[in-house]
Amino acid sequence: MTVAPAPVPVLEVQNLIKRFGAIEALKGVSFTLGRGEILGLVGDNGAGKSTLLKIVSGALEPTAGSVMLNGEHLEFGNPAQHRQAGIETVYQDLGLVGNLDIAGNFFLGREVRVRDHRGPFAFLNNRAMRLQARDAIARLHITIPGSVAQKVNSLSGGQRQAVAIARAAFWKRELLLLDEPTAALGVQATAEVGHLIMQIAKEEGVPIIVVSHDIAEVLKVADRVVVLRQGETAAQLVGAETSASEVVGYITGTIGPQAGPAG
C-alpha cells in the first residue's frame, strides 16, 4: 500500500535565536503550523513572544535559525515582502486610522484607483472599496451598526478590533498573526473576537498565531499552545488536553520544561 506523504506545514519555525547585544531573547525556538490550525503563543513579559512574532512578520531578522512558508525560506528585515508572501499581522495598536472610514482602513496603502480617461490622473474608487469591505465583513458575520462609510473613531473597542482582524483576513493568503487580540475588551467583545478567530481558521483554512496573556481565552480557541519561558520553549501542549493551571505552571517554572513537543 502506498502511503501518502505528510503535507508540508504552512509555517516552519526552525531553531530561532535572537540576540540583542548580550541579551538572548530567543534561544532555539522551533514549531510548525498547519492549514487551518490555531497556535496560542504564551509566556510572561520578556519571554520572547513579541520578538518571535516580529521575526515571523518580517520586522526583525533572527541571529540564527529560519522561517519557512509552504516549504520556502523567508527573507527577513522587510515586512512588505512577508505581506506579499501572504502573511498579515494585527498588532495590539491595531494600525487603524481613526479619521478614515472602515473601507478606507481596509484598503489603507492598497487603495483601488480608477484612471481618468481625460488625463494622466487617477482617483480613489470609493464605491469599489466600500463594496468589497462590506462583503468581507458580511462574510465573517461581523456585527457593526451602520455602514462601512462610517469613521473608525466612532466604533467601540471590540468593533475596531473586529475591523482590524477582518482587514487582515481580507488580505491574507497564508498566515495571520494576532498580537493580544482581546486586550482591554469586555466579556462580550472578547467572545465575539474569539469566535471570529476560529471562523477564519476553520472556515477559511487560514493558520493563525495568537499571542496573548489571557490564558483562558487562548485555550478556548487554540489547537496547540507553545509556552515560552526566558526565550526557550518550555512546552508545546494540545489545547484540548491542557488547562490554564498547567500552562501557568510552565510559564512560571513551577512545572519543568516538557521533554518534547506535543504530537
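Residues are numbered from 1 along each chain as its sequence is written, and side-chain values use heavy atoms, with hydrogens and water left out. Because the model is predicted, local features need pLDDT of at least 70 and side-chain atom pairs count only at pLDDT 80 or more, whereas totals for chains, interfaces and linings use all residues.

The description begins with the sheet. Strands of a sheet pair through backbone hydrogen bonds, either parallel or antiparallel. Here six strands form an open sheet of mixed pairing, in the order β6-β9-β10-β3-β11-β12. Strands (E, at least two residues) and helices (H or I, at least four) are DSSP runs numbered from the N terminus, and two strands pair if DSSP finds at least two bridges between them. At the edges lie β6 (87-90) and β12 (232-238), each of which pairs on one side only. From one strand to the next, the twist averages 15°; angles run from 0 to 180 degrees between N-to-C directions, and axes are lines fitted to C-alpha atoms, for helices over the stretch in contact. Within the sheet, β3 (residues 38-43) and β11 (residues 224-229) are joined in the parallel sense by five bridges. Gly 40 has Val 225 of β11 as its bridge partner.

The next topic is a pair of helices. The axes of α5 (residues 157-171) and α6 (residues 187-204) come within 10 Å and cross at roughly 10°. The two helices are therefore roughly parallel to each other, a term for angles under 35 degrees, while angles over 145 count as roughly antiparallel, 65 to 115 as roughly perpendicular and the rest as oblique. Contact means heavy atoms within 4.5 Å. On the α5 side it involves Gly 158, Gln 161, Ala 162, Ile 165 and Ala 169, and on the α6 side Ala 189, Val 193, Leu 196 and Ile 200.

Charged side chains form the last topic. Side chains of opposite charge can pair when their charged atoms come close. The structure holds eight salt bridges, each defined as a side-chain nitrogen of Lys or Arg within 4 Å of a carboxyl oxygen of Asp or Glu. One of them links Arg 19 and Glu 24 at 3.6 Å, N to O. Another joins Glu 88 to Arg 83, with the closest N and O atoms 3.9 Å apart. Glu 88 is buried, with a relative accessible area of 7%, whereas Arg 83, at 39%, counts as partly exposed. Buried means under 20% relative accessible area, exposed over 50%, and partly exposed in between (1.4 Å probe, protein chains only).
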